[in-house]
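Please read them with the sequence and the coordinates open.

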Amino acid sequence: MTSERVGPVVPTATYRLQLQPRFPFAAAAAAVPYLSSLGVSHLHLSPVLEAVPGSLHGYDVVDHARVREELGGEQGLRDLARTAREHGLGLVVDIVPNHMAMAPAHNRALWEVLREGPKSPYARWFDVDWQAQGGQVLLPVLGGPLGDVLDDLRVDGDLLRYHDHVFPLREGTGDLPLPQLLDAQWYRPVWWRLARTELNYRRFFSISELIGVRVEDPEVFEATHAKILQLLHEGLVDGLRVDHPDGLADPGGYLERLDEASGGRWTVVEKILADGERLPDTWPVAGTTGYDALRHVDGLFTDAQGAGELQDLYRRHAAPRPDAGGDWPATARRAAYAVLQHELATELDRLTRTAVRVCAASCDPALRDRAPWALRTALVELLVRMEVYRPYGPGDAAAVVTEEAAEEARRAFAVPEEAGAVDLVRALVLGRGEGPAAAEFRARFAQTSSALRAKSLEDTAFYRYVPLLSANEVGGDPGRQGVSPAVFHAYCARVQRDWPAGGTVVSTHDTKRSADVRAALAVLTECPGRWARVLEQVTGAVEGALDGQTAWAAWQTVFGLGRADAERVRQALLKHVREAGLRTSWTEQEPSYEEAVAAFVEAGPCGPPGERVAALRGALEPHIRANVLGTALVHLTMPGVPDVYQGTEDECLALVDPDNRRPVRFPPADPGVKAEVSAAALRLRRRWPDAFGTSATYEALPAEGPAAEHCLAFARSGRAVTAVTRLSLRLAETGGWRDTRLTLPPGRWADVLSPGREFTGHTRVEELFERLPAALLERVD
């Protein structure tokens, strides 16, 4: 599939809308006049293809050939595109190449595979191991072991029903007794608990309701991308956001095919970069969706020294176990071991079987008899030591599956001869095996690695290690908190040079806390002692208090959120403790503990003791405001294309999904200062696209004087200057700005946020920040 190359239309800024049945295309169209006035150039839509009925997110696609009817169908999307164009806006859409919904009743391709088996023309779509489980796809839908629920299964014509689940019957099997009928199908319904260990299809992370799609197959790519490419070629859509490319067998190859088929349209990828990791420069994309930017922006407003003090207080107050919340490296490593042995055990088993096939003829005799066990152990020990999501090929494998990691992995073996499995596995990852099985092994190793890192860090360890909740964000590193101005400037210079059209974000549908909640929490790193004193006051004020880790997280949650509905906090805390998996989990819920969590929220953080936390937040409000405005302004003017998540142009206090996916009001009911700052920055970008675009320049502007470290400033192409206050509480405690000055680039500079004010040359920072703790200047001559 090829297309005439038209090149990218690079947005000046995008605005993310979460589409759902309660917010369809028509609602998005109604918001267009406001969003156009805000200053963005493109609407960024969550997935628009047919999804599971009622889906609130759209990532559970069931039909790639149709635009989702619940949102208004293709005509609704065309009407939205027309309205957007009339107001000067384009569309960017989210696409999901890695997986589809495991929902046979709605997913026709999957339905045909379950009915016809591996001979179905759709069998090549899905990543199923037909050599395992007797050639049957295991479907984890039963509420208990088969023998306990057999009476709930019934044949209805050419269908098999189990409560709300419906499956096709293989031709000629409808008259068989139920036990024989189940044996005769290309699938077998099983107890949902078996999803941990026995499934034979690749999933999205450990989510059994999402089945992996083999877009590396050219026919599958064409079938699953035809509609989106049609929308691109007709001009309804200008660009793409690619969801989770790390789940694919060959991300680079996929992106090359997509680039060719799309004609080179603007494309960003949801690639989570570890600290120091670079996006593969061979990928034909504009850049990432921007979680690396989030990490750097958040770090600017975090006091590294205070974060260390807060960590010490956490260890004393919350008394976490060193291996499960007290020490970050130990917590992360223990979570990785647990996830591999439980949630991803089925993926580990398949990877091990693949490794056994590859090395069957070449294993050392001392290893051959124990090959499966030794190879599995070697895989575990190497996977848990991966410090990035995955390797992308032999070229970078040596840098991510290091010799140092291999040396550590060998020590896990009591028998030295068996430790040779580590060298064998590493050699395969580094590309020293040939043939289809070796290639499959490398792809599955990479896919398993990416699932492990996401599940063990972001969905497990981030909920166990909680000294500072704002540090536990997608793409973040809780072990490295705080970013100096010098590091931030170096990062921005590199982005402007290498990926100037890539995305930047500070809030998304996947962030665990909105930027404004994190901005409030970051202030605690400037006053860890005050936080400790408040906790001393409230500790013991609640009967039946929780374990220290959860209680600490609960108090920080309400500090970051401010006054909030107790139900919102309760839901977020329940998700927190289930993800942590220490005392309850999604699959092994402990009702008494979860009841205690709910009671604690009502009586403590959202009860009378919570007033003391609210009082501290109120006292720190000026410093929270400085962080909120600084974060917004830096995000909207730094290199890259900023993506504004729905509602976050104004103050937005949201927790993890589904809290952050609630419908929002357009325009805001009572817009505040943040909305003023956001609109001013976005309109400036739109007025001077070249000053912020791919050919723009970025210049760090260091302040001079006693409080220079508290001013972060930079210029864009000699046309705009951003200056913000960082660590404002520390600033106030050390005497304020005094004679700190900022030297502006040549020219006269108008204050965009306070019309009528102008500055030139050597400017006193205190004067610059007279009205607000942030300033946006535009050159007027």
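Does cysteine 606 count as buried, partly exposed or exposed, and at what relative accessibility? The answer is taken up in the first point.

1. Cysteines. The model is predicted, and within it cysteine 606 counts as partly exposed, at a relative accessibility of 27%. The closest cysteine sulfur to that of cysteine 606 belongs to cysteine 652 and lies 18 Å away, which is too far for a bond, because a disulfide requires the two sulfur atoms to be within 2.5 Å. A search of the whole structure likewise finds zero disulfides. Cysteine 527, for its part, is buried, with a relative accessible area of 4%.

2. The eight-stranded sheet. Eight strands make up an open sheet with parallel pairing, and their order is β16-β15-β14-β5-β2-β1-β18-β17. The edges are formed by β16 (287–288) and β17 (503–504), each of which pairs on one side only. Within this sheet, strand β1 (residues 14–17) runs parallel to strand β18 (residues 641–645), and three bridges join the two; arginine 16 stands opposite tyrosine 645 of β18. Helix α1 (residues 25–38) lies across β1 and β2 (42–45), and the direction of α1 makes an angle of about 150° with β1.

3. Nonpolar cores. The largest nonpolar core contains 119 residues, and Leu45, Phe126 and Phe488 are those with the most contacts inside it. Helix α1 gives the most to this core, contributing eight residues. Apart from this core lies another, of 48 residues, which includes Ala274, Val380, Leu383 and Tyr389. As for phenylalanine 488, if residues up to four places away in sequence are not counted, this side chain's residue touches His296, Val297, Leu300, Val483, Val634, Met638, Tyr698, Leu712 and Phe714.

4. The three-stranded sheet. A further open sheet consists of three strands in the order β8-β9-β10, with antiparallel pairing. Strands β8 (153–156) and β10 (165–168) stand at the edges with a single partner strand each, so one side of each is left without a neighbour in the sheet. From one strand to the next the twist averages 25°. Strand β8 is joined to strand β9 (residues 159–162) by four bridges, the two running antiparallel, and leucine 160 in β9 is the bridge partner of valine 155. Helix α3 (residues 108–116) packs on the sheet, where it touches β9 and β10, and its direction makes about 55° with that of β10.

5. The α17 and α18 pair. Two packed helices are described by the angle between their axes and the distance between the axes. Here the axes of helix α17 (residues 420–429) and α18 come within 9 Å and cross at roughly 95°, which makes α17 roughly perpendicular to α18. At this meeting of helices, Val425, Leu428 and Val429 come from α17, while Phe441, Arg442 and Phe445 come from α18.

6. Phenylalanine 441. This residue is found in helix α18 (residues 436–458), and phenylalanine 441 is buried, its relative accessible area being 0%. Leaving aside neighbours within four places in sequence, phenylalanine 441 is in contact with Leu351, Thr354, Ala355, Val358, Leu379, Val425, Leu428 and Val429. Phenylalanine 441 and valine 356 are 85 residues apart along the chain, and their C-alpha atoms are separated by 9.8 Å.

7. Serine 206. A loop residue also deserves a comment: serine 206 is found between β12 (203–204) and β13 (207–212). Serine 206 has a relative accessible area of 17% and is therefore buried, since the cut-off for that class is under 20%. Apart from neighbours within four places in sequence, serine 206 is in contact with Glu343, Leu344 and Lys455.

8. Helix α20. In helix α20 (residues 515–522), eight of the eight residues are buried, so the helix is largely enclosed by the rest of the structure. These buried residues include Asp516 and Arg518, along with Ala515, Val517 and Leu521. The buried residues of α20 pack against α8 (291–300), α22 (548–561), α25 (610–619), α26 (621–637) and α27 (673–687).

Methods
Residues are numbered from 1 along each chain as its sequence is written. This is a predicted model: local features need pLDDT of at least 70, side-chain atom pairs count only at pLDDT 80 or more; totals for chains, interfaces and linings use all residues. Side-chain values use heavy atoms; hydrogens and water are left out. Buried means under 20% relative accessible area, exposed over 50%, partly exposed in between (1.4 Å probe, protein chains only). Contact means heavy atoms within 4.5 Å. Two strands pair if DSSP finds at least two bridges between them. Axes are lines fitted to C-alpha atoms, for helices over the stretch in contact, and angles run from 0 to 180 degrees between N-to-C directions. A nonpolar core is a set of buried Ala, Val, Leu, Ile, Met, Phe, Trp, Tyr and Cys residues joined through side-chain atoms within 4.5 Å. Angles under 35 degrees count as roughly parallel, over 145 as roughly antiparallel, 65 to 115 as roughly perpendicular and the rest as oblique.
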